[in-house]
Amino acid sequence: MSTAAASNLSPAFPERAAWGTASKLRAWQAAALSTYLEQGPQDFLAVATPGAGKTTYALRLATELLGRGTVTAVTIVAPTEHLKTQWADAAARVGIHIDPRFSNSSARHSHEYDGVALTYAQVASKPSLHRTRTQSERTLVILDEIHHGGDNLSWGDAIREAFEPAVRRLALTGTPFRSDTSPIPFVRYEADRDGIRRSAADYTYGYAEALRDGVVRPVLFMAYGGAMRWRTKAGDEIAARLGEPLTKDATAHAWRTALDPKGEWIPAVLAAADKRLTEVRRGVPDAGALVIASNQTAARAYARILEGITGTKPTVVLSDDAGASARIEEFSGSNDRWMVAVRMVSEGVDVPRLAVGVYATSTSTPLFFAQAVGRFVRARRRGETASVFLPSVPVILEHAARLEDERDHALDRVTKADDEASLWSEEDALVAAANKTARTPDIDGAAFEALESDAHFDHVLFDAKQFGLNAEVGSEDEQEYLGLPGLLEPDQVALLLHERQTAQNTRRPKKAEAPVAAHRALAAQRKELNKLVSAYARKTGAPHAVVHSDLRRTCGGPALDEATSEQVAARVEKIRAWFVGRR
């Protein structure tokens, strides 16, 4: 192996380089490499947004350390079996030979290899074996998506035991850290002003920076609501609109009803996403699309719906299928339109041509959402955009609006008042636990029954701003947003969305409305505001009075019973923005 081989890697290795990048390393990769070599630390944490090129950076660093004789062996730890092979293939291109098929039972690898690739579960099952291996040579350990080291206490202890003797440890992650308080091995924690210990990265390259540099794609989030009807375990039939303020339980049921393949929401959204894919492929001929499903049954049903829409069977990837990795690789190298998956592509798997996604899962953690969106943001050339279709669920829209936020892992428990990221934490913990299997938890058990659903195009969310509010599926308004060119710069995206919004508002005829008494209109506004405050209070856990006080302080004006119509309208608009994370 040689540093010369690594220095000639494409910045988007092993695929094509993104527009505007240097012939050797991207600016952030070079800066992170320089920082590391100057410091020569035993532990180094690099946080870089998905698609930025963490693999390239890590392998270049490995060649430097091997070439200098600082280390003589490399161990790579990844979340999945598929990623082990992906790392080994990437390493081979720079002359580092990694064995991805190393097993705990054999305990040895051929001398023709420079090291091995392992999964976190593999290390946790026999940490003493891997400690012995680490001690036998001067080892660099690359910990890919290091937050998995905190999946549970035993895993963290095992990873610490196995790799404590390593000469160097490089930890990588591309997504917001965990919402729990399990400590992550080999990560440094520092107390903030409030005394909360948070992870401290040695180098950070966020989505906003990568978007500015043209390294990642801008993401348009297409939000769809609609009318939902379901039967509860008590036998009651409930109807509600997804996208309107609801209680937490009602939102969960409406969301689940929308994802039911027997309803009309999923077919309508998949058809819209396929139209968007067709438009994107005018400028990006090999662009692909991905549906992320909650479970295997839903995945198969969505695949059948897509086959009916496109006339072609999509690639289906299930987490417990022995051929899953091979199917991902085949899809990545093909020109096929659609793939449907449960868990295999949520993190780390590199399919750069994915440009359209459908988030058809009930998982609501910030970590999983960021990992999912990360599958679509890798830019291969100037102007590529990503489009992700979402259910109009407040917590998901909030994650989308906060895409550019950078979060650290808080080791100490924070309160809801201190950190909005802790919202929904109890439910998310259940979903995350269930996600370790192929199934998603059943909210109401077998007695829950989704009855019917339809889809309604709510808006496009881009740069935390909403465009195209309330258009019917199949309408001219919706088609204009689905028909946005697939090759656009971020500023061009914003300009076109503003133009579409203006045209939509101009086309809509103004309805002649009968005069309404001022006192009745004001009473209706106050009632609407109180409903929104009640829903937001349930979401955040804050008392109603506190929410009203926050609104009054933010918007100005007197108490609600003395506020004018304009003042009440301003508060309504403000709290609606809060629901999607725009505080």
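At 5% relative accessibility, E145 counts as buried (under 20% relative accessible area, with exposed over 50% and partly exposed in between, for a 1.4 Å probe and protein chains only). This is a predicted model, in which local features need pLDDT of at least 70, side-chain atom pairs count only at pLDDT 80 or more, and totals for chains, interfaces and linings use all residues. Residues are numbered from 1 along each chain as its sequence is written, and side-chain values use heavy atoms, leaving out hydrogens and water.

**Positive phi in loops**

- E145 has a phi near 50 degrees, a positive value in a residue other than glycine.
- The loop holding E145 runs between strand 5 (139-143) and helix 7 (153-163); helices (H or I, at least four residues) and strands (E, at least two) are DSSP runs, numbered from the N terminus.
- F186 has a positive phi near 65 degrees and lies in the loop between strand 6 (168-173) and strand 7 (189-191).
- F186 counts as buried, at 16% relative accessibility.
- Most residues other than glycine have a negative phi.

**Helix 13**

- Nine of the nine residues of helix 13 (residues 366-374) are buried.
- Among these buried residues are P366, F368, F369 and V373.
- T365 caps the N-terminal end of helix 13, with a side-chain oxygen 3.2 Å from the backbone nitrogen of F368.

**Helices 10 and 11**

- Helix 10 (residues 265-283) and helix 11 (residues 296-310) pack at about 50 degrees, with their axes 10 Å apart; axes are lines fitted to C-alpha atoms over the stretch in contact, and angles run from 0 to 180 degrees between N-to-C directions.
- The contact (heavy atoms within 4.5 Å) includes I266 and L270 of helix 10 and Y302 and I305 of helix 11.

Note on methods: Polar contact = N/O pair within 3.5 Å; in protein donor to acceptor, adjacent residues only side chain to side chain.
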